[in-house]
Amino acid sequence: MAKIDRDLKNVIRYMEQELRVSENFDLVCRTITLGKYHCAVYCISGFTKSELLEKLLEAMMKQADGKETNTLEDFSQSVIPFAATELLGEYETAILNLLSGQTVLFIDGFDRCIVMDCRSY
């Protein structure tokens with residue numbers, strides 16, 4: 001299994017290669033900045049509660065402003081106001097979670113991603 005790259009550009013390139021995000025209307029990738037962190041958020045349109053994701057990202061932007069963390073665990077605990085998160089280190093499991101309807105956050109400089117359950121049923 002391929003390990004997640006620390007370089008966000010390589011992550012986005014890999015995800016595009018594997019999932020053809022730019023050609024797929026159901027998969028959404030948004031690049032955002034949370035404080036000093038450059039990020040890519042992936043989700044499936046229709047599976048994600050857009051209101052929840054919007055509020056979550058807004059809260060994360062406020063929380064991340066001025067914060068610096070050394071580990072993804074610290075980032076997850078201090079910036080994400082969300083109980084259901086999981087940290088993953090391999091693309092295959094991140095893609096499996098994404099295709100199961102979960103939201104996946106990749107952050108430049110970290111070799112793992114954060115999976116958040118923002119699904120609507």
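Predicted model: local features only at pLDDT ≥ 70, side-chain atom pairs only at ≥ 80, totals over all residues.
In helix H3, the buried residues are Leu72, Phe75, Ser76 and Val79. Viewed down the axis of H3, these residues fall within an arc of 100°, so they line one face of the helix. Cover for the buried residues of H3 comes from several elements, including E1, E2, H2, strand E3 (85-88), E4 and E5.

Helix H2 was examined in the same way. H2 has 15 residues. Its span from first C-alpha to last is 21 Å, close to the 21 Å expected at 1.5 Å a residue. Leu53, Leu56, Leu57, Met60 and Ala64 are buried in H2. They cover an arc of only 95° around the axis, which puts them on the same side of H2. In an α-helix there are 3.6 residues a turn, so residues three or four places apart point the same way. The face of H2 turned away from the buried side carries exposed residues: Glu51, Glu54, Lys55 and Lys62. The buried residues of H2 are covered by elements including E1, E2, helix H3 (72-79), strand E4 (103-107) and strand E5 (113-116). After H2 comes Gly66, with a positive phi near 85°.

Met60 illustrates the buried side of H2. Its relative accessibility is 0%, and Met60 therefore counts as buried, the cut-off being under 20%. Leaving aside residues up to four places away in sequence, Met60 touches Leu34, Val79, Ile80, Pro81, Leu105 and Met116. Val79 is itself one of the buried residues of H3. Asp5 lies 55 residues from Met60 along the chain, and the C-alpha atoms of Met60 and Asp5 are separated by 22 Å.

Attention then turned to open space. Rolling a probe the size of a water molecule over the atoms shows where empty space is left. The largest pocket holds about 190 Å³ of space. Elements giving two or more residues to its lining are strand E1 (27-34), strand E2 (37-44) and helix H2 (50-64). H2 gives the most, with four residues. The lining consists of Val28, Arg30, Val41, Cys43, Ile44, Ser45, Gly46, Thr48, Ser50, Leu53, Glu54 and Leu57. By class, six of these are nonpolar, four polar and two charged. Leu53 and Leu57 line the pocket and are also among the buried residues of H2. Glu54 lines the pocket too, yet Glu54 is exposed.

Note on methods. Residues numbered from 1 in each chain as written. Heavy atoms only, no water. 1 Å grid on protein atoms, 1.4 Å probe; cavity = no way out; pocket = protein on both sides within 12 Å on 5 of 7 lines; lining within 4 Å. Points joined across faces, edges and corners; volume = space filled by probe spheres on them. Nonpolar A, V, L, I, M, F, W, Y, C, P; charged D, E, K, R; others polar. Expected span 1.5 Å × (residues − 1). Buried < 20%, exposed > 50% of the residue type's maximum accessible area, 1.4 Å probe, protein only. Arc of directions from axis to C-beta. Contact = heavy atoms within 4.5 Å.
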